[in-house]
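Here is a report on one protein model.

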Amino acid sequence: MPLIIIHALGMIGVPVFIFISGYYGVKFRWDRLKDILSQCVLYTLVFYLISCIFLPLFQIRILLLQVFGLSGMWFVYCYVILYILSDGINAVLEKFEFKTFTIIVFIIIYISIGKWIGKENGCNLFTMLEYYIIARYAKRFGDRYKKYIKWIIVPSIISFVIPICYGYCYGHYSLIHPYIFCYYNPMLILIAMSLVIAADDYKTRNRMINYVANSVLAVYMLHENCYTPKLFKPLLHFENFNSLNALLIVSTIFAIAICIDKIRIKIITLLIKKNI
């Protein structure tokens with residue numbers, strides 16, 4: 001059960017990322033968009049070609065799919081669309097007064113809960129827009145409630161985990177799974193909102209955090225790549241996994257992905273300097 005809980009808590013990552021984006025506001029920049037797209041090409045097409053050296057994977061059709069690798073990762077292509085439209089979205093949301101914005105947020109949550117009841121997984125652009133818009137709302141009108149919102153971190157996480165424990169212990173895990181592992185889960189909104197707002201009171205400039213944060217997209221694309229498990233599976237014995245092993249493997253893969261991306265950044269920086 002601990003591994004299941006850890007996996008479930010991993011669902012918090014996407015909501016928190018989008019909530020941070022919405023809370024502080026995304027501002028469109030061409031350089032950043034080009035960097036995102038170049039990473040997509042590198043970590044799909046190039047990684048596939050490297051995988052072909054070690055595994056019998058090469059096919060023309062699959063190679064062609066890797067050229068459009070961005071389309072195969074829902075989070076990345078949805079975020080790219082959100083990023084492209086961000087200035088327009090921000091401008092529209094800034095025009096709404098409290099009453100209008102509140103009604104819009106309730107409509108979005110109403111739609112989201114309906115999709116949650118319908119067991120949809122939420123891996124789409126609507127999910128990102130939902131978290132982004134709610135985050136913008138919280139930023140504009142949530143200051144008076146900040147001291148209360150921070151106190152819902154623990155209750156919301158407990159409310160998120162309790163159904164998992166219940167389903168696992170009483171044999172109903174398959175029934176509750178679609179409701180827990182779903183980005184429309186209302187508890188994820190509360191967790192993301194409370195974590196981001198609580199962290200906002202402890203603003204700090206940490207060079208190491210910023211250094212690592214610049215490469216988290218690479219971590220996502222490398223571990224989300226469908227060929228990564230095939231490469232690492234011979235090295236890992238999943239039947240002997242426990243929480244400690246899982247934590248060690250996750251930390252190792254995270255560190256390797258960060259190192260790979262730092263090498264990519266270094267190479268690109270040197271190439272740009274030479275061209276100049």
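The sections below go from the whole chain to single side chains.

## Basis of the model

The model is predicted: local features need pLDDT of at least 70, side-chain atom pairs count only at pLDDT 80 or more, and totals for chains, interfaces and linings use all residues. Residues are numbered from 1 along each chain as its sequence is written, and side-chain values use heavy atoms, with hydrogens and water left out.

## Overall fold

The protein chain has 15 helices and 0 strands. Both are DSSP runs, numbered from the N terminus: helices are H or I with at least four residues, strands are E with at least two. Of the 276 residues in the protein chain, 37% are buried. Buried means under 20% relative accessible area, exposed means over 50%, and partly exposed lies in between (1.4 Å probe, protein chains only).

Contact means heavy atoms within 4.5 Å. Among contacts in the protein chain with a separation of 6 or more, 86% come from residues 24 or more positions apart. The accessible surface of the protein chain is about 16,800 Å², and carbon and sulfur atoms hold 70% of that surface. Accessible areas come from the Shrake-Rupley method with a 1.4 Å probe; for residues, only the protein chains shown count as cover.

## Salt bridges

Side chains of opposite charge can pair when their charged atoms come close. A salt bridge here is a side-chain nitrogen of Lys or Arg within 4 Å of a carboxyl oxygen of Asp or Glu. The count by this rule is 7 salt bridges. One of them joins Lys34 and Asp31, with the closest N and O atoms 3.7 Å apart. Lys34 and Asp31 are 3 residues apart in helix α3 (residues 30–54), so about one helical turn separates them. Both Lys34 and Asp31 are exposed.

Arg136 and Glu94 form a salt bridge at 3.1 Å, N to O. Arg136 sits in helix α7 (residues 125–141) and Glu94 in helix α5 (residues 74–95), so this pair ties together parts 42 residues apart in sequence. Arg136 is buried, at 11% relative accessible area. Glu94 is partly exposed, at 43%. Another salt bridge links Lys115 and Glu120, at 3.4 Å from N to O. Lys115 is partly exposed, with a relative accessible area of 25%. Glu120 is also partly exposed, at 35% relative accessibility.

## The network at Arg264

Salt bridges that share partners join Arg32, Asp35, Asp261 and Arg264 into one network. Arg264 belongs to helix α15 (residues 243–275). Arg264 is buried, with a relative accessible area of 8%. The side chains of Arg264 and Asp261 make a polar contact of 2.6 Å. A polar contact is a pair of N or O atoms within 3.5 Å; within protein, one must be able to donate a hydrogen and the other to accept it, and residues adjacent in sequence count only if both atoms are side-chain atoms.

What does Arg264 contact, leaving aside its neighbours within four places in sequence? The residues are Asp35, Ser38, Gln39, Leu42 and Tyr43.

## Cysteines

The structure has 0 disulfides, a disulfide being a pair of cysteine sulfur atoms within 2.5 Å. Cys182 is buried, with 0% relative accessible area. Cys40 is buried as well, at 3% relative accessibility.

## Aromatic pairs

The whole structure contains 17 aromatic pairs. Phe75 and Tyr79 form a stacked pair, 6.2 Å centre to centre with 10 degrees between the planes. Rings of Phe, Tyr and Trp (its six-membered ring) pair if their centres lie within 6.5 Å; planes under 30 degrees apart count as stacked, over 60 as edge-to-face and the rest as tilted. Phe75 and Tyr79 are both in helix α5, 4 residues apart, about one turn of the helix. Phe75 is buried at 7% relative accessible area, and Tyr79 is buried at 13%.

Phe126 and Tyr184 form a tilted pair, 6.2 Å centre to centre with 50 degrees between the planes. Phe126 lies in helix α7 and Tyr184 in the loop between α10 (173–180) and α11 (186–200), so the pair ties together parts 58 residues apart in sequence. Phe126 is partly exposed, at 24% relative accessibility. Tyr184 is buried, at 1% relative accessible area. Ring pairs also link Phe17, Phe28, Trp30, Trp74, Phe75, Tyr79, Tyr83, Tyr183 and Tyr220 into a cluster.
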